[in-house]
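Biologist: I am new to this structure and would like a close look at a single part of it. Please take me through that part slowly.

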There are 2 protein chains.
Amino acid sequence: MSGYKIGILAKRAGANAPTIRYYEQIGLLRRPDRQDGNQRRYSDEDVGRLTFIRRCRAFGFSIDQVRRLAALVEDRSRSCVEARDIAQAHLAEVRAKLRELRALEKSFAGFVADCDAKCAGALGPQCAVLDELSVNGSTGKR
Amino acid sequence: MSGYKIGILAKRAGANAPTIRYYEQIGLLRRPDRQDGNQRRYSDEDVGRLTFIRRCRAFGFSIDQVRRLAALVEDRSRSCVEARDIAQAHLAEVRAKLRELRALEKSFAGFVADCDAKCAGALGPQCAVLDELSVNGSTGKR
DNA sequence: TCTACAAGTTAAAGTGACTTGAGGTTCAAG
DNA sequence: CTTGAACCTCAAGTCACTTTAACTTGTAGA
């Protein structure tokens, strides 16, 4: 009997078996053939599609975005430009988060350095960094 | 009658009213005084704490982490060294997140650029970029 | 062939961090 | 005094899974 069992597919594509069943349930993966004992059997094509899905998810695309991207992969009559647009929108979001996080890192690194320098061992700190986080202005909102 | 109503607090700290009630419910915000008509009344201190919480959340800290950080801000009796240790641990997390996000940004920028270059405008055929996502190797897994 | 036991099956509930909805009360302006 | 915005509580919904329970099937060793 050929084809992969769910556990193998999971390993190959970097997912858990329940996640695969979940994807099937929400219609992101097709319902596969079953062997005699009712167990799912998958093909190389399934490995490809699931790998694609997991990779997109790891990149932070929502299930809905992945659905659209996967449709693009499947249906080659549509232009690549469409995929690029989805990716580009997402890239902007990633960059925004990156900026915010860099600011946070700076604050925290400064705090740790200040602690080492100013209040080394001493009691009753003035923790300016933590204070700053409670005040409006400076750091990113939303 | 002094103090802010929930809507005002929400606006000042960058949250929604239901979120504030939710934070109260899970014990992240104290239960505020109520005025005659049973409506919550908040102080400037609450604005500070909620601002802090929202900012930490925006930076990707979990509620549990925020709980610990907030306790740190509140309790100044603890030595600066202790504060620094907690902050340092969080700094490590922030840096890890930063690394992930940077890798992500790189992959994505590459993806978008490839789309522009390889499949520029061309219809239908062989979007190499999307193909790559379905194949093991090359791009970032997890 | 028998016997473990690993890996598969389903359906339902749990998670985190909120958001939304229903249905009712209170407040502030005109 | 009435309207409508803002408040109240409690329950259920959302997203993307993960976990649990209770059961069946597949496989490898004695």
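Of the atoms of DNA strand C within 4 Å of the protein, what percentage belong to sugar or phosphate, and what makes up the rest?

Modeller: This is a predicted model, in which local features need pLDDT of at least 70, side-chain atom pairs count only at pLDDT 80 or more, and totals for chains, interfaces and linings use all residues. Residues are numbered from 1 along each chain as its sequence is written, chains are lettered from A and ligands numbered from 1 in the order in which they are written, and side-chain values use heavy atoms, with hydrogens and water left out.

Sugar or phosphate accounts for 86% of the atoms of DNA strand C within 4 Å of the protein, and bases for the rest.

A polar side-chain atom of A:Arg40 lies 2.7 Å from a phosphate oxygen of DNA strand C. A:Gly7 uses its backbone instead, with an N or O atom 2.9 Å from a phosphate oxygen.

Helices here are DSSP runs (H or I, at least four residues), numbered from the N terminus. At least two residues of the surface near DNA strand C come from each of α1 (6-13) of chain A and α2 (17-25) and α3 (44-58) of chain B. α2(B) supplies the largest share, four residues.

Methods
A residue is near a molecule or strand if one of its heavy atoms lies within 4 Å of it. A polar contact is a pair of N or O atoms within 3.5 Å; within protein, one must be able to donate a hydrogen and the other to accept it, and residues adjacent in sequence count only if both atoms are side-chain atoms.
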